[in-house]
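Subject: Structure handover

Hello,

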Amino acid sequence: MKGLTIFISVLIFANACVERADFDPKKSDAQLVVEGLITDEPGPYTVKLTRSRKPLDFSGTIPVSAIRVTISDDNGTSEVLTEVLPGTYQTSANGIRGIVGRSYTLKVETRDGKIYESIPDKLSKNGNIDKLYTTFVSNRQDNGTLKYSFSAYVDATAPSGDTYFRWKFNAYYRVLTFPEQRTVQAGEGTIPAPRPCSGYIFSGGQLLQVGPCTCCSCWPKFVDTSPLISTSQVPANGKYIGINVGSIPLDYWAFFDKTMVEVKQLTISQTASNFWKTVEDQKKGGTSLFQPAIGQAISNVFHKNGNDQVLGLFYAAGVSVKQIFIDKSNIPQDVPNPVAPPPINESCILSFTNSSNEPPVGWR
């Protein structure tokens with residue numbers, strides 16, 4: 001159970017608290033954490049390797065650089081991944097691609113001569129998202145005010161046979177900022193200090209445009225905060241109805257232009273389902289010392305030439321995707337539109353977390 005708690009904490013803090021540090025695996029008993037996935041969608045696919053600083057230290061993770069990280073299938077196809085960031089490895093865009101019916105294995109060779117390998121995981125046939133829809137929700141807060149949001153739901157059909165689903169929710173929206181209007185303190189006043197990405201410079205007492213702005217318009221996203229896993233019991237008719245997959249708050253920026261709601265339905269193996277269900281239950285239960293045991297951590301990655309315990313999972317999944325758009329026209333007429341905030345004179349990338357200056361696939 002201690003190993004599971006370590007991994008859950010590492011998973012929660014991985015994106016927010018990763019920082020580079022020198023790490024000698026020969027002098028630490030911190031466990032290797034593996035996160036990786038291959039699907040039947042076009043690549044690239046990503047594998048992340050980290051370690052906790054030390055057992056029971058959840059303040060951050062340490063990226064692990066390996067000699068070689070390889071994904072292979074049971075048909076003889078393989079690819080060595082490229083390290084794009086410390087501890088983050090990717091396939092090439094036109095490299096190996098998941099194929100339904102094939103089984104996939106991850107092999108990690110670390111700098112201290114250790115070899116870690118995953119148990120082959122079979123890529124299952126996609127289920128189908130029959131419908132993605134939203135409902136408007138109002139909740140009265142303790143102070144008496146109403147808080148509004150849109151809840152997103154899916155209806156889905158499972159393929160024949162034993163089927164396990166993981167649903168992943170994202171909601172993308174567009175924002176507009178004015179980094180050319182940025183200023184900095186100078187003495188008792190301020191002077192213009194446009195961001196280079198704004199396409200402007202301050203010269204000769206004037207703002208001059210010298211190129212296009214690459215950080216004025218961005219697409220942040222709301223993301224799912226915990227895994228959502230189907231139960232092992234598939235309905236008799238193979239239909240899942242009204243699965244609540246996520247929520248979009250009614251705020252100004254989400255409806256400044258529109259929001260693209262996207263759900264990915266991953267058809268996964270029982271091993272992957274058990275693993276993510278354990279993560280889901282652990283996050284719902286918190287990390288209290290008094291919470292009931294919910295089962296052992298299930299990892300399919302093992303130390304091939306030794307006895308080191310590995311946390312995490314490398315798995316394969318068939319994917320179905322559904323997208324819908326919502327905008328101001330979906331807000332009930334008796335609900336006031338969100339109040340516009342003051343203009344943001346800064347890069348939109350710096351102003352909004354989980355944002356990109358490229359529109360997401362499917363945006364229109």
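What follows covers disulfides, aromatic contacts, one hairpin and some backbone details.

This is a predicted model, in which local features need pLDDT of at least 70, side-chain atom pairs count only at pLDDT 80 or more, and totals for chains, interfaces and linings use all residues. Residues are numbered from 1 along each chain as its sequence is written, and side-chain values use heavy atoms, with hydrogens and water left out.

**Disulfides**

A disulfide here is a pair of cysteine sulfur atoms within 2.5 Å. That rule gives three disulfides. Helices (H or I, at least four residues) and strands (E, at least two) are DSSP runs, numbered from the N terminus. Buried means under 20% relative accessible area, exposed means over 50%, and partly exposed lies in between (1.4 Å probe, protein chains only).

Cysteine 197 bonds to cysteine 215, with 2.0 Å between the sulfur atoms. The pair links distant parts of the chain, 18 residues apart. Cysteine 197 is in the loop between β16 (189-192) and β17 (200-203). Cysteine 215 is in the loop between β18 (206-209) and β19 (217-223). The S-S torsion of cysteine 197 and cysteine 215 is about 80°, so this disulfide is right-handed. Cysteine 197 is partly exposed because its relative accessibility is 23%. Cysteine 215 has 2%, so it counts as buried.

Cysteine 213 is joined to cysteine 216, S to S 1.9 Å. The torsion about the S-S bond of cysteine 213 and cysteine 216 is about 105°, so this one is right-handed. Cysteine 213 is partly exposed at 29%, and cysteine 216 is buried at 14%.

Cysteine 218 and cysteine 348 make a disulfide with their sulfur atoms 1.8 Å apart. Cysteine 218 lies in strand β19 and cysteine 348 in helix α3 (residues 348-351), so the pair links distant parts of the chain, 130 residues apart. Its S-S torsion is about 50°, so the disulfide of cysteine 218 and cysteine 348 is right-handed. Both of these cysteines are buried.

With the bonded cysteines numbered in sequence order, the pairing reads 1-3, 2-4, 5-6.

**Aromatic pairs**

Rings of Phe, Tyr and Trp (its six-membered ring) pair if their centres lie within 6.5 Å; planes under 30 degrees apart count as stacked, over 60 as edge-to-face and the rest as tilted. The whole structure holds 16 aromatic pairs.

One of them is phenylalanine 136 with phenylalanine 150: the centres are 5.1 Å apart and the planes at 75°, so the pair is edge-to-face. Phenylalanine 136 lies in strand β11 (residues 128-140) and phenylalanine 150 in strand β12 (residues 146-157), so the contact ties together parts 14 residues apart in sequence. Phenylalanine 136 is partly exposed at 26% relative accessibility. Phenylalanine 150 is buried at 2%.

Phenylalanine 150 also pairs with phenylalanine 255. That pair is tilted, with 5.5 Å centre to centre and 40° between the planes. Phenylalanine 255 sits in the loop between β21 (239-249) and β22 (259-268), so its pair with phenylalanine 150 in β12 ties together parts 105 residues apart in sequence. Phenylalanine 150 and phenylalanine 255 are both buried. Phe136, Tyr148, Phe150 and Phe255 form one aromatic cluster.

**Charges over rings**

A charge sits over a ring if NZ of Lys or CZ of Arg is within 6 Å of the ring centre and within 35 degrees of the ring normal. Lysine 131 lies over the face of tyrosine 133, 4.8 Å from the ring centre. The charged end of arginine 166 sits over the ring of tryptophan 276, at 4.0 Å from its centre.

**Hairpin and backbone**

Two strands pair if DSSP finds at least two bridges between them. β17 and β18 pair in the antiparallel sense, over four bridges. Phenylalanine 202 has leucine 207 in β18 as its bridge partner. This hairpin has two residues between the strands, and glycine 204 takes a positive phi near 60°.

Most residues other than glycine have a negative phi, and most peptide bonds are trans. Two places to check against that follow.

- The peptide bond from glycine 43 to proline 44 is cis, with omega near 10°. Proline 44 is in the loop between β1 (32-39) and β2 (46-52).
- Asparagine 354 has a positive phi, near 50°. It lies in the loop between α3 and β25 (355-356). Asparagine 354 is partly exposed, at 45% relative accessible area.

Best regards
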